[in-house]
Amino acid sequence: MDLLLERERRWDFQKQLASHGKTVLIIKGNIPGRDKQIVEGNFLAVYFLYLLRKNGEEVYFRYGAEGLLFFLLTDIEPRVLKKEMIELENQHPLGRFIDLDVYREREYKREEYCYPPRKCYICNTPAKYCTRSQNHGEKELVEIIKKAVKQFIKNSENKMETWILWATVLELSRIYSYGSVSFSSSGSHNDMDALLFLKSTFAILTKAITLDWKGISFEKQREYGLLLEHTMNEVTGGVNTQKGYIFFLTFLFKFFEERYDEKEGKEYIFSIYPSLMEDFDSKVSFGINAFKRWGFKGARHTLEDGMAYLYSLANEYVVHKDIDYLTLKLMARYDDSTMLKRSNIKSVRWIQGKANEILQGNYTKEQLNQYFVDKNITSGGISDLVNICVLLGCILKEGGRNGN
């Protein structure tokens, strides 16, 4: 009933969007069964939004029983757009796992263009026939999608683009986001949601891949970081969605382009650490004041060991794929200035202690997550590190000299 009701609401929503004379492109994963909120389905929707978005287009999103859906408004004539979307579904390696529906005054069907109906993932017969006949189990079909997405990420020609999108989807798909933005909630934020976060990510990524990262000096790396911050602020209207993330991202782009392994990455950080500390200490900021008053280290804590702990967690995540464990390990160890801004030093130390207790089985994720909601606290800095650790794991596994 939830799925049927959600479809009715979605249908009303897209009709309302189209009533302003726009063509509506609906992007969603083609996920069988009742559980459509799987990470791979979220990735499919985000990845195709990234491919199809253009500057200035209005985008809306919904996250519910149908999974993650994006609604992109365009002036393209619906018959033209539908034909383009059918060809993309037919030709892209992930095309059979995505629904790219077109609606204006009505929904446009692929049969109108003399294309055959979509086929089953397993037996190649018309998918509708297999669905009605229940020829295959949901688990078997979903497993094919998961394997296809995994293979696509592994073999992607545009590795950093794909990895960054994958890491971002994992961050936003967390059930327990501890006050941070997710697909299901804006957390403790009244200035952003998952869509603004994605727009920011797309803009940062689009700019970053145009820059030459190979062989750059620390000064050039810092310059690139400021450029990416400016890009973020332009698209968000000044909302700080990912400033801490950008800081670490500049390291990972350099590491990837120069094929640094773990040892070389640490050596680079140690070589620039004095300059980093000089840069940190020369500024008057909330973070510097917190360090002087309480020894609250923030970003400097992650770098003083050459990112050794982040490397260890990234390697661990590659093996176990436990995003909740990764989040809690980071929360228990690192000082998060965004958390401190919303609370006080006593609350932050209490949170770090409770994260440790959860890892030891003496407290629950539900309790800690509710604490963030009740106290209107966000763990934005920790969420940045979750994303960075997943991305670092991708680089270590497949991108560096010790990859593959």
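Modeller: Helices (H or I, at least four residues) and strands (E, at least two) are DSSP runs, numbered from the N terminus. This is a predicted model: local features need pLDDT of at least 70, side-chain atom pairs count only at pLDDT 80 or more, and totals for chains, interfaces and linings use all residues. Residues are numbered from 1 along each chain as its sequence is written, and side-chain values use heavy atoms, with hydrogens and water left out.

Colleague: Okay, K220 and E223. How far apart are they in helix α8?

Modeller: They are three residues apart in α8 (residues 218-236), so about one helical turn separates them. K220 makes a salt bridge with E223, with the closest N and O atoms 3.3 Å apart. A salt bridge here is a side-chain nitrogen of Lys or Arg within 4 Å of a carboxyl oxygen of Asp or Glu.

Colleague: Is K220 buried, exposed or partly exposed?

Modeller: K220 is partly exposed, at 29% relative accessibility. E223 is partly exposed too, at 45%. Buried means under 20% relative accessible area, exposed over 50%, and partly exposed in between (1.4 Å probe, protein chains only).

Colleague: What about E267 and K263?

Modeller: Their side chains meet in a salt bridge, 2.6 Å from N to O. They sit four residues apart in helix α10 (residues 262-281), so about one helical turn lies between them. E267 is partly exposed at 41%, while K263 is exposed at 56%.

Colleague: How many salt bridges does the structure hold?

Modeller: It holds 20. One of them joins D99 and K28, at 3.0 Å from N to O. D99 lies in strand β4 (residues 98-103) and K28 in strand β1 (residues 23-29), so the pair ties together parts that are 71 residues apart in sequence.

Colleague: Are those two buried or exposed?

Modeller: Both D99 and K28 are buried. They also belong to a network of salt bridges that links K28, E89, D99, R110 and R118.

Colleague: Switching to the sheet. What is the strand order?

Modeller: The order is β2-β3-β1-β4-β5, an open sheet of five strands with antiparallel pairing. Two strands pair if DSSP finds at least two bridges between them. The edge strands are β2 (59-64) and β5 (107-108), and each pairs on one side only.

Colleague: How many bridges join β1 to β3?

Modeller: Six, and β1 runs antiparallel to β3 (residues 67-74). T23 stands opposite T74 in β3. Six bridges also join β1 to β4, again antiparallel. There, V24 has Y103 as its bridge partner in β4.

Colleague: And what joins β4 to β5?

Modeller: A hairpin, through three residues. Two bridges join these antiparallel strands. V102 has Y108 as its bridge partner in β5.

Colleague: How many residues of β4 are buried?

Modeller: Six of the six, so β4 is largely enclosed by the rest of the structure. Both faces are covered. I98, L100 and V102 are buried on one side, and D99, D101 and Y103 on the other. In a regular strand the side chains alternate between the two faces of the sheet.

Colleague: Which helix lies across the strands?

Modeller: Helix α1 (residues 2-18) lies across β1, β2, β3, β4 and β5, running at about 175° to β2. Axes are lines fitted to C-alpha atoms, for helices over the stretch in contact, and angles run from 0 to 180 degrees between N-to-C directions. Contact means heavy atoms within 4.5 Å.

Colleague: Now aromatics. How many pairs does the search find?

Modeller: The search of the whole structure finds 24 aromatic pairs. F61 and F70 form a tilted one, 6.5 Å centre to centre with 35° between the planes. Rings of Phe, Tyr and Trp (its six-membered ring) pair if their centres lie within 6.5 Å; planes under 30 degrees apart count as stacked, over 60 as edge-to-face and the rest as tilted. F61 is partly exposed at 22%, whereas F70 is buried at 0%.

Colleague: Where do Y63 and F183 lie?

Modeller: Y63 and F183 form a tilted pair, 5.6 Å centre to centre and 40° between the planes. Y63 lies in β2 and F183 in the loop between α6 (159-172) and α7 (194-208), so the pair ties together parts 120 residues apart in sequence. F183 is buried at 4%.

Colleague: Which residues form a ring cluster?

Modeller: Ring pairs link F247, F248, F251, F255, Y260 and Y268 into a cluster.
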